[in-house]
Amino acid sequence: MTLLMALLQRKSVAISLLFILIVVVAALFAPWLAPCDPTQQFFDGLTIEGAPLPPSADFYLGTDLLGRDLLSRIIYGARTSLIIGVVSNGIAVVIGTLVGVTAGFVRGWVGSVLMRFTDLMMSFPALLLAIALAAILHPSLWIVALVIAMVNWVQIARVIHAQTISIAAKDFVAVERTIGAGPLRILFSHLLPHLLPTILVWATLGISTTVLLEATLSFLGVGVQPPMPSWGNIIFESQTYFTSAMWLVLFPGIAIVALSLSFNLVGDALRDELDPTLKGRL
Amino acid sequence: MLGFIVRRLLIALPTLFLITLMVFSLQLLLPGDPALALAGEERDPAVIEAIREQYHLNDPIPVQYAHWLIAALHGDLGISLRNREPVTSLIVDKLPVTLELAILAMLIALVIGIAAGLVSAIKKGSRWDFGANVVALSGISVPNFWLGIMLILLISVRWGWLPASGYTSPLDSLAQNLEMMIMPAVVLGTAIAGVMMRHTRSAMISAIHADYVRTARAKGLSERVVMLKHALRNALVPVVTMGTLQFGELLSGAVLTEQVFTIPGFGKLIVDAVFNRDYAVVQGVVLFTGTVYILMNLLADLLYYLLNPRLRA
(Lines give C-alpha, C1' and ligand atoms only; values in the text may rest on other atoms or scores of the structure.)
Protein backbone atom coordinates (compact mmCIF):
# COMPACT_ATOMS: atom_id res chain seq x y z
CA MET A 1 0.00 0.00 0.00
CA THR A 2 2.78 2.40 0.93
CA LEU A 3 4.44 1.40 -2.32
CA LEU A 4 1.34 2.35 -4.28
CA MET A 5 1.11 5.68 -2.45
CA ALA A 6 4.76 6.39 -3.18
CA LEU A 7 4.23 5.58 -6.83
CA LEU A 8 1.09 7.69 -7.11
CA GLN A 9 2.97 10.72 -5.82
CA ARG A 10 4.83 10.88 -9.11
CA LYS A 11 2.63 12.63 -11.61
CA SER A 12 3.90 10.66 -14.64
CA VAL A 13 3.26 7.35 -12.87
CA ALA A 14 -0.23 8.37 -11.76
CA ILE A 15 -1.14 9.26 -15.35
CA SER A 16 0.40 5.99 -16.61
CA LEU A 17 -1.54 3.91 -14.09
CA LEU A 18 -4.73 5.72 -15.05
CA PHE A 19 -4.12 4.96 -18.72
CA ILE A 20 -3.37 1.30 -17.98
CA LEU A 21 -6.61 1.16 -15.99
CA ILE A 22 -8.54 2.62 -18.95
CA VAL A 23 -7.05 0.00 -21.29
CA VAL A 24 -7.87 -2.81 -18.85
CA VAL A 25 -11.47 -1.60 -18.52
CA ALA A 26 -11.75 -1.25 -22.30
CA ALA A 27 -10.45 -4.78 -22.77
CA LEU A 28 -12.72 -6.32 -20.12
CA PHE A 29 -15.91 -4.52 -21.12
CA ALA A 30 -15.28 -4.20 -24.85
CA PRO A 31 -18.71 -5.56 -25.92
CA TRP A 32 -20.49 -2.87 -23.82
CA LEU A 33 -18.10 0.00 -24.48
CA ALA A 34 -17.53 -0.39 -28.21
CA PRO A 35 -20.13 1.48 -30.28
CA CYS A 36 -20.22 -1.26 -32.97
CA ASP A 37 -19.23 -4.83 -33.69
CA PRO A 38 -15.51 -4.67 -34.62
CA THR A 39 -15.97 -6.99 -37.60
CA GLN A 40 -19.17 -5.47 -39.01
CA GLN A 41 -18.63 -3.84 -42.40
CA PHE A 42 -20.90 -0.81 -42.70
CA PHE A 43 -22.39 -0.01 -46.07
CA ASP A 44 -22.22 3.69 -45.25
CA GLY A 45 -18.76 3.21 -43.72
CA LEU A 46 -17.06 3.83 -47.07
CA THR A 47 -17.20 6.65 -49.58
CA ILE A 48 -18.85 6.02 -52.95
CA GLU A 49 -15.39 5.32 -54.36
CA GLY A 50 -14.86 2.76 -51.60
CA ALA A 51 -12.34 4.74 -49.54
CA PRO A 52 -12.38 4.78 -45.71
CA LEU A 53 -14.17 7.64 -43.93
CA PRO A 54 -12.35 10.18 -41.73
CA PRO A 55 -13.46 10.72 -38.08
CA SER A 56 -17.04 12.04 -37.86
CA ALA A 57 -20.08 12.05 -35.58
CA ASP A 58 -21.13 8.61 -36.89
CA PHE A 59 -17.71 7.00 -36.59
CA TYR A 60 -15.73 8.84 -33.90
CA LEU A 61 -12.31 7.72 -35.13
CA GLY A 62 -13.31 7.09 -38.75
CA THR A 63 -13.59 3.76 -40.57
CA ASP A 64 -11.04 1.36 -42.02
CA LEU A 65 -10.63 0.11 -45.56
CA LEU A 66 -13.49 -2.39 -45.18
CA GLY A 67 -15.88 0.18 -43.69
CA ARG A 68 -15.50 -1.08 -40.12
CA ASP A 69 -15.61 1.30 -37.14
CA LEU A 70 -12.02 2.11 -36.12
CA LEU A 71 -12.87 3.03 -32.50
CA SER A 72 -14.53 -0.37 -31.94
CA ARG A 73 -11.55 -2.13 -33.49
CA ILE A 74 -9.14 -0.24 -31.24
CA ILE A 75 -11.22 -1.07 -28.14
CA TYR A 76 -11.26 -4.77 -29.05
CA GLY A 77 -7.58 -4.48 -30.01
CA ALA A 78 -6.86 -3.59 -26.36
CA ARG A 79 -7.96 -7.15 -25.54
CA THR A 80 -5.40 -8.62 -27.91
CA SER A 81 -2.60 -6.43 -26.57
CA LEU A 82 -3.42 -7.18 -22.94
CA ILE A 83 -3.96 -10.92 -23.45
CA ILE A 84 -0.59 -11.17 -25.15
CA GLY A 85 1.01 -8.79 -22.66
CA VAL A 86 -0.19 -10.80 -19.66
CA VAL A 87 0.01 -14.36 -21.02
CA SER A 88 3.26 -14.23 -22.92
CA ASN A 89 5.00 -11.99 -20.44
CA GLY A 90 3.76 -14.25 -17.65
CA ILE A 91 5.26 -17.30 -19.36
CA ALA A 92 8.49 -15.38 -20.02
CA VAL A 93 8.78 -14.33 -16.37
CA VAL A 94 8.17 -17.89 -15.13
CA ILE A 95 10.70 -19.44 -17.54
CA GLY A 96 13.22 -16.65 -16.97
CA THR A 97 12.96 -16.94 -13.19
CA LEU A 98 13.19 -20.74 -13.22
CA VAL A 99 16.24 -20.74 -15.48
CA GLY A 100 17.92 -17.83 -13.70
CA VAL A 101 17.37 -19.18 -10.17
CA THR A 102 18.35 -22.73 -11.10
CA ALA A 103 21.49 -21.62 -12.89
CA GLY A 104 22.44 -19.21 -10.12
CA PHE A 105 21.62 -21.50 -7.20
CA VAL A 106 22.63 -24.93 -8.44
CA ARG A 107 25.69 -23.69 -10.39
CA GLY A 108 27.94 -26.55 -11.57
CA TRP A 109 27.38 -28.02 -15.00
CA VAL A 110 23.60 -27.54 -14.87
CA GLY A 111 24.14 -23.83 -14.36
CA SER A 112 26.73 -23.63 -17.14
CA VAL A 113 24.53 -25.44 -19.63
CA LEU A 114 21.52 -23.26 -18.80
CA MET A 115 23.46 -20.02 -19.08
CA ARG A 116 25.20 -21.11 -22.27
CA PHE A 117 21.79 -21.79 -23.73
CA THR A 118 20.66 -18.34 -22.58
CA ASP A 119 23.72 -16.83 -24.30
CA LEU A 120 22.78 -18.70 -27.43
CA MET A 121 19.26 -17.30 -27.34
CA MET A 122 20.72 -13.85 -26.72
CA SER A 123 22.88 -14.21 -29.80
CA PHE A 124 19.90 -13.99 -32.14
CA PRO A 125 18.16 -10.73 -32.70
CA ALA A 126 14.82 -11.42 -30.97
CA LEU A 127 12.73 -10.06 -33.82
CA LEU A 128 14.43 -12.27 -36.38
CA LEU A 129 13.84 -15.36 -34.27
CA ALA A 130 10.22 -14.38 -33.67
CA ILE A 131 9.61 -13.82 -37.40
CA ALA A 132 11.15 -17.17 -38.31
CA LEU A 133 9.18 -19.03 -35.61
CA ALA A 134 5.90 -17.30 -36.37
CA ALA A 135 6.30 -18.04 -40.08
CA ILE A 136 6.94 -21.75 -39.49
CA LEU A 137 4.21 -22.18 -36.89
CA HIS A 138 1.37 -20.34 -38.71
CA PRO A 139 0.42 -17.46 -36.45
CA SER A 140 -2.66 -17.29 -34.22
CA LEU A 141 -3.19 -15.34 -31.00
CA TRP A 142 -1.78 -18.10 -28.78
CA ILE A 143 1.11 -18.97 -31.09
CA VAL A 144 2.12 -15.31 -31.18
CA ALA A 145 1.94 -15.17 -27.38
CA LEU A 146 4.14 -18.29 -27.15
CA VAL A 147 6.64 -17.03 -29.72
CA ILE A 148 7.03 -13.73 -27.85
CA ALA A 149 7.47 -15.62 -24.57
CA MET A 150 10.16 -17.79 -26.20
CA VAL A 151 12.28 -14.77 -27.05
CA ASN A 152 11.54 -12.59 -24.03
CA TRP A 153 12.49 -14.87 -21.13
CA VAL A 154 16.19 -14.51 -21.92
CA GLN A 155 16.68 -11.03 -20.52
CA ILE A 156 14.85 -11.91 -17.29
CA ALA A 157 16.88 -15.11 -16.88
CA ARG A 158 20.11 -13.12 -17.09
CA VAL A 159 19.09 -10.52 -14.54
CA ILE A 160 17.68 -13.11 -12.11
CA HIS A 161 20.81 -15.25 -12.54
CA ALA A 162 23.14 -12.38 -11.62
CA GLN A 163 20.89 -11.38 -8.72
CA THR A 164 20.66 -14.96 -7.39
CA ILE A 165 24.44 -15.33 -7.39
CA SER A 166 24.92 -12.07 -5.54
CA ILE A 167 22.26 -12.87 -2.91
CA ALA A 168 23.48 -16.46 -2.44
CA ALA A 169 26.94 -15.07 -1.63
CA LYS A 170 25.59 -12.80 1.13
CA ASP A 171 26.50 -13.42 4.77
CA PHE A 172 22.97 -14.12 5.95
CA VAL A 173 22.72 -17.05 3.55
CA ALA A 174 26.01 -18.43 4.88
CA VAL A 175 24.68 -18.00 8.42
CA GLU A 176 21.51 -19.91 7.50
CA ARG A 177 23.65 -22.69 6.09
CA THR A 178 25.77 -22.97 9.21
CA ILE A 179 22.69 -23.29 11.41
CA GLY A 180 21.64 -26.21 9.21
CA ALA A 181 19.08 -24.81 6.75
CA GLY A 182 18.60 -27.03 3.71
CA PRO A 183 18.78 -25.74 0.13
CA LEU A 184 14.99 -25.66 -0.24
CA ARG A 185 14.54 -23.56 2.88
CA ILE A 186 17.22 -21.14 1.67
CA LEU A 187 15.64 -21.03 -1.75
CA PHE A 188 12.07 -20.38 -0.66
CA SER A 189 12.42 -18.34 2.50
CA HIS A 190 15.53 -16.34 1.63
CA LEU A 191 16.31 -16.19 -2.05
CA LEU A 192 12.86 -15.83 -3.57
CA PRO A 193 11.63 -13.06 -1.24
CA HIS A 194 14.76 -11.09 -2.09
CA LEU A 195 14.28 -11.72 -5.78
CA LEU A 196 10.65 -10.62 -5.74
CA PRO A 197 11.33 -6.89 -6.30
CA THR A 198 13.52 -7.66 -9.30
CA ILE A 199 10.91 -10.02 -10.71
CA LEU A 200 8.18 -7.41 -10.22
CA VAL A 201 10.20 -4.69 -11.98
CA TRP A 202 11.04 -6.92 -14.94
CA ALA A 203 7.49 -8.22 -15.18
CA THR A 204 6.28 -4.64 -15.56
CA LEU A 205 8.95 -3.53 -18.03
CA GLY A 206 8.45 -6.81 -19.92
CA ILE A 207 4.81 -5.98 -20.71
CA SER A 208 6.01 -2.93 -22.59
CA THR A 209 8.44 -5.00 -24.65
CA THR A 210 5.75 -7.59 -25.28
CA VAL A 211 3.18 -5.04 -26.44
CA LEU A 212 5.73 -3.56 -28.84
CA LEU A 213 6.81 -6.95 -30.17
CA GLU A 214 3.20 -8.02 -30.79
CA ALA A 215 2.52 -4.78 -32.64
CA THR A 216 5.69 -5.23 -34.67
CA LEU A 217 4.98 -8.85 -35.61
CA SER A 218 1.39 -7.99 -36.50
CA PHE A 219 2.60 -5.04 -38.56
CA LEU A 220 4.85 -7.42 -40.53
CA GLY A 221 1.88 -9.73 -41.07
CA VAL A 222 3.27 -12.62 -39.00
CA GLY A 223 1.44 -11.70 -35.80
CA VAL A 224 -2.25 -11.76 -34.86
CA GLN A 225 -4.25 -12.42 -38.01
CA PRO A 226 -7.21 -10.36 -39.23
CA PRO A 227 -10.18 -10.20 -38.78
CA MET A 228 -9.24 -10.35 -35.07
CA PRO A 229 -8.23 -6.75 -34.38
CA SER A 230 -4.85 -5.90 -32.89
CA TRP A 231 -3.27 -2.45 -32.83
CA GLY A 232 -0.41 -3.72 -34.98
CA ASN A 233 -2.51 -5.46 -37.62
CA ILE A 234 -4.81 -2.44 -38.02
CA ILE A 235 -1.71 -0.58 -39.23
CA PHE A 236 -0.63 -3.60 -41.31
CA GLU A 237 -4.01 -3.77 -43.06
CA SER A 238 -4.07 -0.03 -43.75
CA GLN A 239 -0.53 0.25 -45.11
CA THR A 240 -1.60 0.89 -48.69
CA TYR A 241 -3.99 3.63 -47.54
CA PHE A 242 -1.84 5.47 -45.11
CA THR A 243 -1.17 8.55 -47.22
CA SER A 244 -4.89 9.17 -47.83
CA ALA A 245 -6.28 7.89 -44.51
CA MET A 246 -3.72 8.75 -41.89
CA TRP A 247 -6.16 8.23 -39.00
CA LEU A 248 -5.82 4.50 -39.60
CA VAL A 249 -2.15 4.70 -38.66
CA LEU A 250 -2.26 7.59 -36.20
CA PHE A 251 -4.81 6.29 -33.64
CA PRO A 252 -3.65 2.69 -33.23
CA GLY A 253 -0.07 3.97 -33.11
CA ILE A 254 -0.89 6.40 -30.33
CA ALA A 255 -2.54 3.55 -28.41
CA ILE A 256 0.61 1.38 -28.77
CA VAL A 257 2.96 4.19 -27.73
CA ALA A 258 0.81 5.23 -24.76
CA LEU A 259 0.47 1.70 -23.39
CA SER A 260 4.13 0.85 -23.86
CA LEU A 261 5.27 4.18 -22.38
CA SER A 262 2.94 3.71 -19.39
CA PHE A 263 4.36 0.31 -18.49
CA ASN A 264 7.90 1.65 -18.94
CA LEU A 265 7.24 4.60 -16.63
CA VAL A 266 5.61 2.41 -13.97
CA GLY A 267 8.43 -0.16 -14.25
CA ASP A 268 11.10 2.51 -13.88
CA ALA A 269 9.37 4.02 -10.87
CA LEU A 270 9.00 0.58 -9.29
CA ARG A 271 12.72 0.00 -9.75
CA ASP A 272 13.49 3.32 -8.08
CA GLU A 273 11.20 2.59 -5.15
CA LEU A 274 12.15 -1.05 -4.62
CA ASP A 275 15.90 -0.62 -4.89
CA PRO A 276 16.94 2.05 -2.41
CA THR A 277 20.56 1.92 -3.58
CA LEU A 278 19.49 3.26 -6.95
CA LYS A 279 17.32 6.02 -5.53
CA GLY A 280 18.20 9.30 -7.16
CA ARG A 281 20.94 7.75 -9.24
CA LEU A 282 19.05 6.32 -12.14
CA MET B 1 46.66 -10.01 -24.01
CA LEU B 2 47.05 -13.01 -26.29
CA GLY B 3 45.94 -15.33 -23.52
CA PHE B 4 42.83 -13.23 -23.02
CA ILE B 5 41.89 -13.38 -26.70
CA VAL B 6 42.45 -17.12 -26.86
CA ARG B 7 40.34 -17.65 -23.73
CA ARG B 8 37.48 -15.59 -25.16
CA LEU B 9 37.67 -17.46 -28.48
CA LEU B 10 37.45 -20.77 -26.65
CA ILE B 11 34.24 -19.60 -24.97
CA ALA B 12 32.80 -18.38 -28.27
CA LEU B 13 33.36 -21.65 -30.12
CA PRO B 14 30.77 -23.82 -28.30
CA THR B 15 28.17 -21.07 -28.74
CA LEU B 16 28.94 -20.96 -32.43
CA PHE B 17 28.61 -24.74 -32.63
CA LEU B 18 25.20 -24.58 -30.94
CA ILE B 19 24.07 -21.94 -33.41
CA THR B 20 24.98 -24.13 -36.37
CA LEU B 21 23.06 -27.02 -34.77
CA MET B 22 20.02 -24.83 -34.25
CA VAL B 23 20.09 -23.40 -37.77
CA PHE B 24 20.49 -26.86 -39.24
CA SER B 25 17.56 -28.27 -37.25
CA LEU B 26 15.41 -25.44 -38.60
CA GLN B 27 15.18 -27.36 -41.88
CA LEU B 28 14.16 -30.56 -40.10
CA LEU B 29 11.24 -28.71 -38.49
CA LEU B 30 9.83 -27.74 -41.83
CA PRO B 31 6.89 -29.56 -43.29
CA GLY B 32 7.24 -31.05 -46.79
CA ASP B 33 10.01 -32.75 -48.72
CA PRO B 34 12.93 -30.42 -49.55
CA ALA B 35 13.74 -32.51 -52.64
CA LEU B 36 10.26 -31.83 -54.04
CA ALA B 37 10.65 -28.12 -53.29
CA LEU B 38 14.00 -28.05 -55.09
CA ALA B 39 12.62 -29.94 -58.07
CA GLY B 40 10.00 -27.25 -58.65
CA GLU B 41 7.69 -28.22 -61.53
CA GLU B 42 9.66 -31.39 -62.23
CA ARG B 43 7.87 -34.55 -61.04
CA ASP B 44 10.06 -37.24 -62.66
CA PRO B 45 11.06 -39.67 -59.83
CA ALA B 46 14.53 -40.12 -61.37
CA VAL B 47 15.20 -36.37 -61.24
CA ILE B 48 13.94 -36.15 -57.67
CA GLU B 49 16.14 -39.08 -56.69
CA ALA B 50 19.10 -37.37 -58.34
CA ILE B 51 18.39 -34.20 -56.33
CA ARG B 52 18.13 -36.28 -53.18
CA GLU B 53 21.56 -37.77 -53.96
CA GLN B 54 23.07 -34.40 -54.87
CA TYR B 55 21.95 -32.74 -51.63
CA HIS B 56 22.76 -35.81 -49.48
CA LEU B 57 19.12 -36.09 -48.41
CA ASN B 58 19.34 -39.88 -48.22
CA ASP B 59 22.12 -39.79 -45.65
CA PRO B 60 21.56 -40.08 -41.89
CA ILE B 61 20.92 -36.70 -40.24
CA PRO B 62 24.35 -36.35 -38.56
CA VAL B 63 26.00 -36.96 -41.94
CA GLN B 64 23.69 -34.38 -43.52
CA TYR B 65 24.72 -31.93 -40.80
CA ALA B 66 28.40 -32.60 -41.49
CA HIS B 67 27.94 -31.99 -45.23
CA TRP B 68 26.01 -28.83 -44.54
CA LEU B 69 28.57 -27.54 -42.02
CA ILE B 70 31.55 -28.22 -44.29
CA ALA B 71 29.81 -26.42 -47.16
CA ALA B 72 28.93 -23.49 -44.86
CA LEU B 73 32.54 -23.25 -43.70
CA HIS B 74 33.53 -22.93 -47.35
CA GLY B 75 31.08 -20.09 -47.76
CA ASP B 76 28.45 -22.21 -49.50
CA LEU B 77 25.10 -21.58 -47.80
CA GLY B 78 22.96 -23.23 -50.46
CA ILE B 79 20.79 -21.82 -53.19
CA SER B 80 17.76 -19.57 -52.87
CA LEU B 81 14.67 -21.59 -53.80
CA ARG B 82 13.09 -18.52 -55.29
CA ASN B 83 15.58 -17.03 -57.71
CA ARG B 84 18.20 -19.80 -57.76
CA GLU B 85 20.94 -17.44 -56.67
CA PRO B 86 23.56 -18.60 -54.16
CA VAL B 87 22.57 -17.42 -50.66
CA THR B 88 26.09 -16.19 -50.00
CA SER B 89 26.03 -13.81 -52.94
CA LEU B 90 22.57 -12.55 -51.91
CA ILE B 91 23.94 -11.73 -48.46
CA VAL B 92 27.06 -10.10 -49.90
CA ASP B 93 24.88 -8.00 -52.23
CA LYS B 94 22.50 -6.73 -49.58
CA LEU B 95 24.91 -6.30 -46.71
CA PRO B 96 26.54 -2.96 -47.72
CA VAL B 97 23.11 -1.28 -47.89
CA THR B 98 22.22 -2.31 -44.36
CA LEU B 99 25.74 -1.59 -43.17
CA GLU B 100 25.46 2.00 -44.37
CA LEU B 101 22.06 2.37 -42.68
CA ALA B 102 23.41 0.84 -39.47
CA ILE B 103 26.53 3.04 -39.37
CA LEU B 104 24.55 6.22 -39.98
CA ALA B 105 22.00 5.21 -37.34
CA MET B 106 24.75 4.37 -34.84
CA LEU B 107 26.40 7.76 -35.42
CA ILE B 108 23.10 9.51 -34.76
CA ALA B 109 22.47 7.35 -31.69
CA LEU B 110 25.95 7.99 -30.28
CA VAL B 111 25.85 11.76 -30.79
CA ILE B 112 22.33 12.21 -29.40
CA GLY B 113 22.64 9.54 -26.72
CA ILE B 114 25.99 10.63 -25.28
CA ALA B 115 25.22 14.36 -25.44
CA ALA B 116 21.81 13.94 -23.81
CA GLY B 117 23.19 11.53 -21.19
CA LEU B 118 26.03 13.92 -20.38
CA VAL B 119 23.78 16.93 -19.95
CA SER B 120 21.22 15.12 -17.85
CA ALA B 121 23.91 13.64 -15.56
CA ILE B 122 25.62 17.01 -15.00
CA LYS B 123 22.34 18.84 -14.51
CA LYS B 124 20.69 16.02 -12.58
CA GLY B 125 17.18 16.82 -11.39
CA SER B 126 16.82 19.83 -13.69
CA ARG B 127 14.37 20.41 -16.52
CA TRP B 128 17.08 19.30 -18.94
CA ASP B 129 17.38 16.02 -17.11
CA PHE B 130 13.63 15.51 -17.13
CA GLY B 131 13.39 16.37 -20.82
CA ALA B 132 16.23 14.03 -21.79
CA ASN B 133 14.62 11.22 -19.81
CA VAL B 134 11.28 11.72 -21.51
CA VAL B 135 12.97 11.64 -24.91
CA ALA B 136 14.90 8.50 -23.99
CA LEU B 137 11.81 6.70 -22.72
CA SER B 138 9.87 7.67 -25.83
CA GLY B 139 12.72 6.37 -27.98
CA ILE B 140 12.29 3.02 -26.24
CA SER B 141 8.47 3.05 -26.29
CA VAL B 142 7.71 4.20 -29.83
CA PRO B 143 7.59 1.35 -32.34
CA ASN B 144 10.18 1.84 -35.01
CA PHE B 145 7.79 1.18 -37.91
CA TRP B 146 5.22 3.65 -36.64
CA LEU B 147 7.76 6.45 -36.26
CA GLY B 148 8.90 5.70 -39.81
CA ILE B 149 5.37 5.92 -41.24
CA MET B 150 4.61 9.13 -39.33
CA LEU B 151 7.84 10.76 -40.57
CA ILE B 152 7.01 9.76 -44.16
CA LEU B 153 3.52 11.24 -43.77
CA LEU B 154 4.84 14.49 -42.36
CA ILE B 155 8.16 15.10 -44.09
CA SER B 156 7.63 13.43 -47.45
CA VAL B 157 3.88 13.56 -48.08
CA ARG B 158 2.91 16.82 -46.41
CA TRP B 159 6.06 18.93 -46.79
CA GLY B 160 7.71 17.09 -49.67
CA TRP B 161 11.21 17.65 -48.26
CA LEU B 162 12.63 14.16 -48.60
CA PRO B 163 11.81 11.12 -50.76
CA ALA B 164 9.51 8.64 -49.00
CA SER B 165 11.21 5.45 -50.13
CA GLY B 166 13.74 3.85 -52.43
CA TYR B 167 17.47 3.49 -52.57
CA THR B 168 20.33 4.88 -54.66
CA SER B 169 23.84 3.53 -54.30
CA PRO B 170 26.32 6.06 -52.86
CA LEU B 171 28.60 5.13 -55.77
CA ASP B 172 26.02 6.51 -58.23
CA SER B 173 25.13 9.66 -56.35
CA LEU B 174 26.20 10.34 -52.78
CA ALA B 175 23.86 13.31 -52.37
CA GLN B 176 20.84 11.33 -53.52
CA ASN B 177 21.89 8.40 -51.37
CA LEU B 178 22.10 10.53 -48.23
CA GLU B 179 18.78 12.19 -49.04
CA MET B 180 17.14 8.78 -49.05
CA MET B 181 19.03 7.37 -46.07
CA ILE B 182 18.69 10.24 -43.61
CA MET B 183 15.10 9.53 -42.56
CA PRO B 184 15.55 5.77 -42.08
CA ALA B 185 18.79 6.42 -40.19
CA VAL B 186 17.06 8.85 -37.83
CA VAL B 187 14.23 6.37 -37.20
CA LEU B 188 16.66 3.57 -36.45
CA GLY B 189 19.02 5.84 -34.50
CA THR B 190 16.47 7.30 -32.07
CA ALA B 191 15.50 3.88 -30.77
CA ILE B 192 19.12 3.19 -29.83
CA ALA B 193 19.82 6.76 -28.69
CA GLY B 194 17.38 6.19 -25.83
CA VAL B 195 19.32 3.17 -24.59
CA MET B 196 22.67 4.94 -25.04
CA MET B 197 21.43 8.01 -23.18
CA ARG B 198 20.40 5.96 -20.16
CA HIS B 199 23.73 4.16 -20.03
CA THR B 200 25.74 7.37 -20.41
CA ARG B 201 23.69 9.05 -17.70
CA SER B 202 24.12 6.32 -15.10
CA ALA B 203 27.82 5.80 -15.92
CA MET B 204 28.41 9.57 -15.75
CA ILE B 205 26.64 9.87 -12.39
CA SER B 206 28.85 7.16 -10.87
CA ALA B 207 31.91 8.81 -12.42
CA ILE B 208 31.03 12.23 -11.00
CA HIS B 209 31.04 10.76 -7.49
CA ALA B 210 34.33 8.91 -7.98
CA ASP B 211 37.49 9.80 -6.06
CA TYR B 212 39.50 10.72 -9.14
CA VAL B 213 36.98 13.41 -10.03
CA ARG B 214 37.28 14.88 -6.55
CA THR B 215 41.07 14.80 -6.92
CA ALA B 216 40.85 16.51 -10.30
CA ARG B 217 38.65 19.22 -8.78
CA ALA B 218 41.02 19.59 -5.81
CA LYS B 219 43.88 20.18 -8.23
CA GLY B 220 41.98 23.27 -9.32
CA LEU B 221 41.08 22.12 -12.83
CA SER B 222 38.19 23.85 -14.47
CA GLU B 223 34.79 22.11 -14.27
CA ARG B 224 34.81 21.70 -18.04
CA VAL B 225 38.11 19.83 -18.04
CA VAL B 226 37.06 17.73 -15.05
CA MET B 227 33.80 16.69 -16.70
CA LEU B 228 35.04 16.09 -20.24
CA LYS B 229 38.56 14.77 -19.63
CA HIS B 230 38.14 12.91 -16.39
CA ALA B 231 34.54 11.94 -15.81
CA LEU B 232 33.29 11.44 -19.37
CA ARG B 233 36.35 9.55 -20.52
CA ASN B 234 35.86 6.98 -17.78
CA ALA B 235 32.11 6.89 -18.17
CA LEU B 236 32.43 6.12 -21.87
CA VAL B 237 34.09 2.74 -21.27
CA PRO B 238 30.86 0.87 -20.50
CA VAL B 239 28.95 3.00 -23.02
CA VAL B 240 31.25 2.02 -25.90
CA THR B 241 30.96 -1.62 -24.92
CA MET B 242 27.18 -1.33 -24.79
CA GLY B 243 27.26 0.28 -28.21
CA THR B 244 28.85 -2.81 -29.72
CA LEU B 245 26.23 -4.96 -28.07
CA GLN B 246 23.44 -2.95 -29.68
CA PHE B 247 24.15 -4.76 -32.94
CA GLY B 248 21.23 -7.16 -32.51
CA GLU B 249 18.93 -4.25 -31.77
CA LEU B 250 20.27 -2.44 -34.82
CA LEU B 251 19.56 -5.41 -37.06
CA SER B 252 16.04 -5.96 -35.72
CA GLY B 253 15.40 -2.27 -36.26
CA ALA B 254 16.83 -2.44 -39.77
CA VAL B 255 14.36 -5.21 -40.65
CA LEU B 256 11.47 -2.85 -39.91
CA THR B 257 13.04 0.34 -41.20
CA GLU B 258 13.89 -1.27 -44.52
CA GLN B 259 10.37 -2.65 -44.74
CA VAL B 260 8.78 0.78 -44.16
CA PHE B 261 11.14 2.72 -46.44
CA THR B 262 11.44 -0.12 -49.02
CA ILE B 263 15.22 -0.22 -48.88
CA PRO B 264 16.61 -3.33 -50.57
CA GLY B 265 18.89 -4.39 -47.72
CA PHE B 266 19.57 -7.31 -45.44
CA GLY B 267 16.42 -6.79 -43.37
CA LYS B 268 14.17 -6.84 -46.41
CA LEU B 269 15.98 -9.96 -47.61
CA ILE B 270 15.01 -11.72 -44.37
CA VAL B 271 11.36 -10.65 -44.39
CA ASP B 272 10.91 -11.49 -48.06
CA ALA B 273 12.56 -14.88 -47.55
CA VAL B 274 10.22 -15.69 -44.66
CA PHE B 275 7.16 -14.73 -46.69
CA ASN B 276 8.32 -16.68 -49.75
CA ARG B 277 9.18 -19.68 -47.54
CA ASP B 278 12.69 -19.46 -48.99
CA TYR B 279 14.21 -21.38 -46.11
CA ALA B 280 17.74 -21.67 -47.49
CA VAL B 281 17.94 -17.88 -47.34
CA VAL B 282 16.40 -17.76 -43.85
CA GLN B 283 18.93 -20.35 -42.66
CA GLY B 284 21.88 -18.57 -44.24
CA VAL B 285 20.85 -15.21 -42.87
CA VAL B 286 20.29 -16.53 -39.35
CA LEU B 287 23.63 -18.34 -39.37
CA PHE B 288 25.38 -15.24 -40.65
CA THR B 289 23.82 -12.88 -38.08
CA GLY B 290 24.46 -15.29 -35.23
CA THR B 291 28.13 -15.51 -36.20
CA VAL B 292 28.50 -11.76 -36.61
CA TYR B 293 26.80 -11.21 -33.28
CA ILE B 294 29.29 -13.50 -31.53
CA LEU B 295 32.15 -11.65 -33.23
CA MET B 296 30.66 -8.35 -32.04
CA ASN B 297 30.56 -9.73 -28.50
CA LEU B 298 34.22 -10.65 -28.79
CA LEU B 299 34.95 -7.16 -30.09
CA ALA B 300 33.06 -5.64 -27.16
CA ASP B 301 35.14 -7.64 -24.69
CA LEU B 302 38.31 -6.63 -26.49
CA LEU B 303 37.35 -2.95 -26.53
CA TYR B 304 36.50 -3.10 -22.86
CA TYR B 305 39.89 -4.64 -22.21
CA LEU B 306 41.73 -2.03 -24.28
CA LEU B 307 39.84 0.94 -22.85
CA ASN B 308 40.20 -0.18 -19.27
CA PRO B 309 43.90 -0.24 -18.35
CA ARG B 310 43.14 -1.79 -14.96
CA LEU B 311 42.20 -5.09 -16.65
CA ARG B 312 45.55 -5.24 -18.43
CA ALA B 313 47.63 -5.48 -15.29
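Me: How many salt bridges does a search of the whole structure find over all chains?
Reply: The search turns up 13 salt bridges over all chains. A salt bridge here is a side-chain nitrogen of Lys or Arg within 4 Å of a carboxyl oxygen of Asp or Glu. Keep in mind that this is a predicted model, where local features need pLDDT of at least 70, side-chain atom pairs count only at pLDDT 80 or more, and totals for chains, interfaces and linings use all residues. Residues are numbered from 1 along each chain as its sequence is written, chains are lettered from A and ligands numbered from 1 in the order in which they are written, and side-chain values use heavy atoms, with hydrogens and water left out.

Me: OK, what does A:R68 meet in a salt bridge?
Reply: A:R68 pairs with A:E237, at 3.3 Å from N to O. A:R68 lies in the loop between α3 (30-33) and α4 (70-106) of chain A and A:E237 in helix α10 of chain A, so the pair ties together parts that are 169 residues apart in sequence. Helices (H or I, at least four residues) and strands (E, at least two) are DSSP runs, numbered from the N terminus.

Me: And how many salt bridges are there between chain A and chain B?
Reply: The count there is 1. A:D268 forms that kind of pair with B:R198, and their closest N and O atoms are 2.2 Å apart.

Me: Switching topic, how many helices and strands are in chain B?
Reply: Chain B has 14 helices and 0 strands, while chain A comes to 11 helices and 0 strands. The C-alpha atoms of chain B fill a box of roughly 85 × 60 × 35 Å along the principal axes.

Me: Where does α5(B) bend?
Reply: The bend is at B:L95, by about 35°, and a proline, B:P96, follows within four residues. That angle is between axes fitted to the seven residues ending there and the seven starting there.

Me: Which peptide bond is cis?
Reply: The one from A:P226 to A:P227 is cis, with omega near 10°. A:P227 is in the loop between α9 and α10 (231-238) of chain A.

Me: What about B:T262, is its phi positive or negative?
Reply: Positive, about 40°, although B:T262 is not a glycine. B:T262 sits in the loop between α11 (247-260) and α12 (266-275) of chain B.
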